[in-house]
Amino acid sequence: MTMQQIISALQVSSVADIVNLFAALFIFVVGAGFIVVVVLYVIDRTQTKHAIRRNYPVIGRLRYVAEDLGKYFRQYFFADDRAELPFNRAQRAWVYRAAKGVDTTVPFGSTRALANVGTKIFVNCPFPQLGDDETPPKEITVGPYCRSPYSTDKFFHISGMSYGAISKPAVQALSRGAKRAGIWMNTGEGALSPFHTEGGADIVFQIGTAKYGVRNDDGSLDDKKLRKVAERDQVKMFEIKLSQGAKPGKGGILPGEKVSKEIAKIRSIKVGQDSISPNRHPEINSIGELLDFIAHVREVTGKPTGIKMVLGAYGWLAGFCEEINRRGIESAPDFITLDSADGGTGAAPQPLIDYVGLQIQESLPTLVDALLVHGLRDRIKVISSGKLTTPSGVAWALCAGADFVTSARGFMFALGCIQALQCNTNECPSGVATHKKHLQRGLVATDKAERVYRYATTMHKEVGTVAHSCGVDDPRMLKRHHCRIMGANSRTIGLHEMYPPGGSFAPAAEKPDTLTDGSGMAAQ
């Protein structure tokens, strides 16, 4: 036998072996699959908890697969551009384009149903600003009675997202992007991590009800730890969280599967155990105790100190303002961050996320009016939060009386969030809200930091476009008469008519149009 014949025989033999191997594997897989189906059939047929699986064994299990995949397919194939909640495709698409730095214009006409009740319409001026007339926003100072006041000319910032609720690369990207954009970054209630500070951004340190990062073993405030945090020059302000949009009246919830060794160390809690914050600060059970706590934190830190809350019952606001005026305006919180009761970035009980608290559309004018009537609007800066991810929402908040707007989920979209609704499971496919390394791998902090910067920059630019169209130089000069809301009769009503300055807080003898709106100008 020649060498060529030997090689040919070996080749034939190897091909035959490969074919035989694949045939055996195929038979094994089919056999194993058959056995699995039989086992599942017996289990489903004999179990008593699930009627669908009992009546339709094996096939009934596909219901759960379809239910889980439904949220992914809906947003791409079945829901139209304006239908999906909590954020529709049009809203997400604008954020994605802004963050990527691509064209944010749209063709042919609006896909928005402009006649729907509640639609916001901004009233353009007959003689809008020329390009040469555009001016940057004016600087605002927070905390004039502090040892270290804070000033910024930016009006759009990053809301509270703790390291724990979101991932390490997400925090890193936000920190770097915020620094470049010149905006602040709120730590959320999960304490200050090294990743918050590594980008060099201004920091707002949030003190949650569990006081992570500044707590004693019994959960009380540790002044020594608080002072140490305040010594960092990057930390510009302190925010005492009373409640948040996802769960008003309930403390923060971080599922145990997201409590890694590193997070446990930063928060001073146990690895793998659910991190459940108290429903309120034990030290704060009245208006007087709230003002005392604010004063204490401000004295220890020397920096602007405010509160974050969701407004529900609002009768107490009058007593709150009256007590401030009785003590002196220096006793007031330096700012109030108002969150909307329609969700957030973390886990929350559905009854709270769906039914408790007021939405920002009602609560923001209500809060501003209370401050106006009691002469505190200039003293207390108002920060609006809650689903304000696009220029229209931010411009509306400025019209309603906010000094600043913060967003969490908007910046999550900028990081690559696809609204997979997996924030509470540690299975976030985009790497934003997970601590699994293989999922975090997709979120490259250096790349996403650039998107954070572009999103913030584009937001400032396009809110400015709305302001200039309305005839004002500075977006903060937008007032309620610049915005109208569509009513049930397909006619709009001015925001200043829906919520006249002073509103229900104005004394009967007081004319609302004599009140100031915080800018020193008479509200119209």
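Gln206 stands opposite Glu239 in strand E7. The model is predicted. Five bridges join strand E6 (residues 202–207) to E7, and the two strands run parallel. From E6 the chain crosses through helix H7 (residues 223–230) to E7, and this β-α-β crossover is right-handed. The protein as a whole has 17 helices and 15 strands.

- E7 covers residues 235–241, and six of its seven residues are buried.
- The strand is therefore largely enclosed by the rest of the structure.
- E7 also pairs with strand E10 (residues 305–310).
- That pairing is parallel and runs over four bridges.
- Phe238 stands opposite Thr305 in E10.
- In a regular strand the side chains alternate between the two faces of the sheet.

**Helices H9 and H10**

- Two packed helices are described by the angle between their axes and the distance between the axes.
- The axes of helix H9 (residues 287–301) and helix H10 (residues 316–327) come within 10 Å.
- They cross at roughly 55°, so H9 and H10 are oblique to each other.
- The crossing of H9 past H10 is right-handed.
- On the H9 side, the contact residues are Ile287, Gly288, Leu290, Leu291 and Asp292.
- On the H10 side, they are Trp316, Gly319, Phe320, Glu323, Ile324 and Arg327.

**The sheet E1-E14-E15**

- Three strands form an open sheet in the order E1-E14-E15, with antiparallel pairing.
- Strand E1 (120–122) and strand E15 (492–494) stand at the edges.
- Each edge strand has a single partner strand, so one side of each is left without a neighbour in the sheet.
- Neighbouring strands of this sheet are turned by 35° against each other on average, direction ignored.
- Three bridges join E1 to strand E14 (residues 483–486).
- Lys120 stands opposite Ile485 in E14.

- Helix H13 (residues 391–400) lies across E1 and E14.
- H13 runs at about 75° to E1.
- The axes of helix H12 (residues 360–373) and H13 come within 9 Å and cross at roughly 30°.
- That angle makes H12 roughly parallel to H13.
- The crossing of H12 and H13 is right-handed.
- From H12, the residues in contact are Ile360, Gln361, Leu364, Pro365 and Val368.
- Trp396, Ala397 and Ala400 in H13 meet them.

**A buried lysine**

- Lys448 lies in helix H16 (residues 445–469).
- Lys448 has 10% relative accessibility, so this residue counts as buried.
- The cut-off for that label is under 20% relative accessible area.
- Lys448 touches Ala173, Leu415 and Leu443, not counting residues up to four places away in sequence.

**The protein overall**

- The protein has 524 residues, and 49% of them count as buried.
- Take the contacts in the protein with a separation of 6 or more: residues 24 or more positions apart account for 68% of them.

Key. Residues numbered from 1 in each chain as written. Predicted model: local features only at pLDDT ≥ 70, side-chain atom pairs only at ≥ 80, totals over all residues. Heavy atoms only, no water. Buried < 20%, exposed > 50% of the residue type's maximum accessible area, 1.4 Å probe, protein only. Pairing = 2+ DSSP bridges. Right-handed = clockwise from strand over helix to strand, strands pointing away. Axes fitted to C-alpha atoms, helices over the stretch in contact; angles between N-to-C directions. Parallel < 35°, antiparallel > 145°, perpendicular 65-115°, else oblique. Left-handed = near helix turned anticlockwise from the far one by under 90°. Contact = heavy atoms within 4.5 Å.
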